[in-house]
Amino acid sequence: MRLLPVGDRAFLVELPTLAAVLALHRSLRAARPPGVVDLVPAARTLLVRAVDPDAAGAARALVASLGSLDELWTSSTNSSSVIPIEVVYDGEDLADVARLTGLSTDGIVAAHTGQLWTAAFGGFAPGFTYCIGENHTLDVPRRATPRTMVPAGSVGLAGEFSGVYPRASPGGWQLIGRSPAVLWDARRDPPALVAPGQRVRYVAVRDAVHVTPPPPPPAQRARRGLGVRATGPQALLQDAGRPGHAHLGVSESGAADAAAAARANALVGNAPEAVLIEALLGGLALEAIGDQVLAVTGADPTLFAAGTHPTGEYNPPVERPFVLPDGHVLVLGEPAIGLRSYVAVRGGIEAPRTLGSAATDLLSGEGPPPLRPGDALAVGDRAAGALGSAPAASGPPGDVTLNLRLGPRDDWFTWDAVAALFAQRWTVTPASNRVGVRLAGEPLARAREGELASEPTVAGAVQVPADGLPVVFGRDHPVTGGYPVIGVVDAAGLDALAQVRPGGTVRFVRAEWGRPPPAILAAMSTFDVVDLIRTKRDGGDLSDDEIRWLIDAYTDGAVGDEQMAAMAMAIFFNGLDARELPTWTQAMIDTGERMDFSTLSRPTADKHSTGGVGDKITLPLAPLVAACGVAVPQLSGRGLGHTGGTLDKLEAVPGWRAALSNEEMMRQLEEVGAVICAAGSGLAPADKKLYALRDVTGTVEAIPLIASSIMSKKIAEGTGALVLDVKTGAGAFMKTFDRSVELARTMVDLGKAAGVNTVALVTNMESPLGRSAGNAVEVAESVEVLAGGGPADVVELSLALAREMLAAAGVDTDPAEALASGKAMDTWKAMIRAQGGDPDAPLPAPREVEVVTAPASGVIQSMDAFAVGIAAWRLGAGRARKEDPVQAAAGVTWAAGVGDPVTAGQPLFALHTDTPERFDRAKEALADAVVIGPDAAATPPVVLERIV
């Protein structure tokens with residue numbers, strides 16, 4: 001049994017068999033834990049949903065303490081009654097089922113009617129129940145192509161299940177007959193003919209039958225109320241919804257923006273569950289039948305009203321109650337901001353209720369139909385409370401940030417995909433509705449293939465279909481689904497999401513399961529963040545407990561960005577001393593997971609570069625060190641600005657993928673020895689928040705913050721040895737040698753304090769490395785190095801770093817031999833193949849190439865690495881934002897470097913891009929990049945300093 005989080009108010013119990021699911025369902029239904037709203041069984045899981053996080057936590061503890069599943073099964077009682085369902089066996093798929101099972105038509109009927117079927121769980125529509133038989137005689141796959149419409153009453157088979165369609169709907173089940181049974185009638189008690197846990201016997205009959213849906217309730221005439229003149233794009237009756245029926249296939253539904261609806265009812269003195277109108281994008285026109293008190297909330301439309309006597313047109317207020325006199329007409333204009341408005345009338349709208357609610361559910365079909373011009377809405381005459389008041393609302397923004405809790409199926413996705421979920425802004429598409437908000441952006445890659453057995457879902461669940469584009473389930477969501485849910489949006493986020501128009505954007509931020517840890521809650525009464533800021537601002541020291549509390553509280557949201565920004569600025573000016581910095585770094589590590597490579601058969605060593613232009617060293621280095629017997633778990637990133645990214649470069653290799661699961665990474669390290677892949681989102685999550693904050697507060701250059709950012713992730717990666725390549729010069733992040741040495745020494749000390757054998761090389765980045773800067777061009781140059789050639793500086797630095805990594809890992813081998821023998825090349829090819837790439841496939845070629853010639857004859861005195869990096873970036877090799885795409889073939893190559901002679905007019909740079917309009921800006925960057933003079937120029941050293 002495994003418990004998986006589903007937001008902050010629910011969890012999934014994952015069980016090995018359907019029988020175990022049904023046993024636990026019966027047990028919890030017989031003694032329902034306090035505060036539990038829904039118990040929803042599915043094929044291998046049971047959803048437990050509660051009213052609040054505290055009730056969910058208590059239920060979770062109760063389930064975790066239960067006895068064995070065998071005990072549950074024997075202690076739970078099966079209903080002795082059997083529900084008969086008549087079937088005419090004349091389905092159009094009978095012949096296909098006969099072929100698939102090897103039975104005759106009569107044999108199919110005998111097998112279907114000759115066993116008892118147990119209702120397992122509800123499905124895609126109210127009353128549809130997946131029933132499982134006593135044997136597997138009739139197990140058949142779904143149709144290869146689903147039907148666009150299956151008639152109501154159709155009896156079908158799919159996998160191990162049988163069921164009856166309660167209404168016409170699309171479906172891919174194999175149809176074997178028809179039934180006259182009314183599977184769902186909301187006016188019946190209970191409304192579902194078959195509920196989970198009950199038993200069914202199918203009975204063969206000969207007469208043709210037709211399913212007649214129950215007649216709709218008679219329309220009510222309004223004695224006093226509101227007449228609907230116009231509806232705009234959509235107008236629905238809504239209330240607080242109908243929770244507690246998910247096991248029957250009915251979602252909670254209710255107002256999409258529940259907070260706005262509750263506020264509208266409060267303004268006119270209604271109870272929170274009173275019925276009101278949800279209007280989409282304005283256009284709603286209502287006539288008062290008798291004097292009425294109204295309030296409009298949610299989106300921010302301009303309200304227009306006009307009377308039948310000469311009062312003229314006037315504008316009632318939003319977010320405040322107002323009187324609409326008898327015969328006056330209220331019109332909602334299109335809101336400038338937001339999507340849905342709510343119109344409440346004092347006394348509430350009277351409407352027929354199904355399962356205790358008048359909410360219109362667009363997916364299940366429950367509740368009143370959408371409003372139409374000519375409808376008359378009766379208003380209740382019950383006593384209402386006092387009129388309320390609320391501050392004027394400007395309406396929701398065009399984009400929102402949503403708290404999202406990972407699970408239950410985030411492990412179905414790669415680390416890179418989870419990171420991409422939080423890193424990018426997603427665009428809401430026009431296909432969004434109350435069922436789900438569909439998002440467009442960079443697709444999320446799965447770490448697992450195959451299908452997920454249908455399991456329950458909740459409003460706010462972020463389900464990811466096969467195309468990798470998330471769908472955030474709304475109030476009218478399906479109660480079960482077969483695509484993995486990567487996370488769940490907090491309830492308050494659903495209200496905000498309900499107001500985002502197509503074209504608006506959504507960003508997810510990670511929320512942890514439950515409350516902050518008890519240690520943090522206890523410490524919150526001890527430390528005041530403002531006192532800590534003042535201490536560091538005035539040059540004082542923070543204690544270890546203060547630092548740990550600050551990092552934990554910031555990660556959990558108890559300390560705000562503005563407070564941590566002030567702390568970062570205080571650290572920028574006053575630093576962190578030799579005691580504070582290791583504690584700060586360890587506290588960031590402790591906010592996430594730490595990888596463990598101790599089970600590998602070989603030692604591990606990792607390398608980190610602070611980034612530069614043409615810095616493709618990781619590509620030849622990882623397989624080179626692995627060929628010498630050391631495992632290299634190289635977790636890398638993408639480029640930003642003028643510095644390239646290792647993952648961007650490798651993605652130029654056809655088929656290569658950056659995202660690996662933990663299991664794939666461990667297996668590849670054992671079998672191949674080298675992995676270059678994306679870092680997981682679980683490593684040092686505190687750093688991800690603080691890194692983004694530093695970027696917008698002018699505190700990026702603070703050495704303690706740089707060092708702790710790099711080392712928290714590297715130490716969390718779990719390697720036994722670490723070699724740092726700290727660049728210095730024009731193309732580096734650190735421009736001066738002294739600052740680069742200070743950073744290197746700081747990081748080496750942090751590594752050693754954490755028990756990681758750490759050494760640093762300070763290397764030259766005044767000029768770019770090698771003869772190329774870009775993506776595919778740097779891969780080609782790396783392969784050239786592995787083949788025994790390549791630029792001298794790239795070879796020199798690769799061997800220098802390899803020797804340091806091998807020595808740090810305790811391996812006495814000369815890497816030059818592995819390079820010369822071809823072993824490093826063999827490891828490269830094995831590494832690429834292991835990650836889906838083809839090492840022998842041609843690399844992408846640019847559509848356009850333009851040459852920049854030497855302006856004069858002489859010797860190249862210097863080449864500005866920063867200018868070359870900017871040119872490659874402008875050609876499409878880099879990105880301005882993390883979510884921007886890059887061109888695989890874009891980049892810059894050069895045939896001569898510092899110390900080489902050139903002749904005026906000879907090719908100096910070759911510019912590669914797929915978009916030729918980029919050439920002019922790239923050439924601007926290179927205009928003063930090269931200095932040519934008459935004197936000889938020495939080639940600058942590659943390694944400037946070694947720090948241990």
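Biologist: What are the conventions for numbering and confidence?

Modeller: Residues are numbered from 1 along each chain as its sequence is written, and side-chain values use heavy atoms, with hydrogens and water left out. Because the model is predicted, local features need pLDDT of at least 70 and side-chain atom pairs count only at pLDDT 80 or more, while totals for chains, interfaces and linings use all residues.

Biologist: Why is the pair Asp 490 and Arg 405 called a salt bridge?

Modeller: The term requires a side-chain nitrogen of Lys or Arg within 4 Å of a carboxyl oxygen of Asp or Glu. The closest N and O atoms of Asp 490 and Arg 405 are 2.8 Å apart, and the pair is therefore a salt bridge by that definition. In general, side chains of opposite charge can pair when their charged atoms come close.

Biologist: What makes this pair a tie between separate parts of the chain?

Modeller: Asp 490 lies in the loop between strand 32 (485–489) and helix 8 (491–497), whereas Arg 405 belongs to strand 25 (residues 399–406), so parts 85 residues apart in sequence are tied together. Helices (H or I, at least four residues) and strands (E, at least two) are DSSP runs, numbered from the N terminus. Asp 490 and Arg 405 are both buried, that is, under 20% relative accessible area, where exposed means over 50% and partly exposed in between (1.4 Å probe, protein chains only).

Biologist: How do you know whether Lys 923 and Glu 850 are buried or partly exposed?

Modeller: The relative accessible area is 29% for Lys 923 and 26% for Glu 850, so each counts as partly exposed. Their side chains meet in a salt bridge at 2.5 Å, N to O. Lys 923 sits in helix 25 (residues 919–926) and Glu 850 in strand 40 (residues 848–853), 73 residues apart.

Biologist: Which residues does Leu 911 contact beyond its sequence neighbours?

Modeller: With neighbours within four places in sequence set aside, the contacts of Leu 911 (heavy atoms within 4.5 Å) include Glu 850, Lys 923, Val 892 and Phe 919.

Biologist: What makes a group of residues a nonpolar core?

Modeller: Its members are buried Ala, Val, Leu, Ile, Met, Phe, Trp, Tyr and Cys residues joined through side-chain atoms within 4.5 Å. The largest such core has 80 residues, and Leu 911 is among those that touch the most other members, as are Trp 828 and Phe 909. Helix 21 (residues 792–808) gives the most to this core, with ten residues. Another core, of 61 residues, lies apart from it and includes Leu 690 and Val 726.

Biologist: Why is helix 13 described as largely enclosed?

Modeller: Eight of the ten residues of helix 13 (residues 580–589) are buried, so the rest of the structure largely encloses it. Trp 584 and Met 588 are among the buried residues.

Biologist: What defines a pocket, and what is the volume of the second largest pocket?

Modeller: On a 1 Å grid over the protein atoms alone, a pocket is an open set of points where a 1.4 Å probe fits, with protein on both sides within 12 Å along at least five of seven lines; lining residues have an atom within 4 Å of a point. The second largest pocket holds about 1400 Å³, a volume being the space filled by probe spheres set on the points, which are joined across faces, edges and corners. Its lining comprises 42 residues, with Tyr 130 and Ser 454 among those nearest its centre. Strand 11 gives the most to this lining, with three residues.
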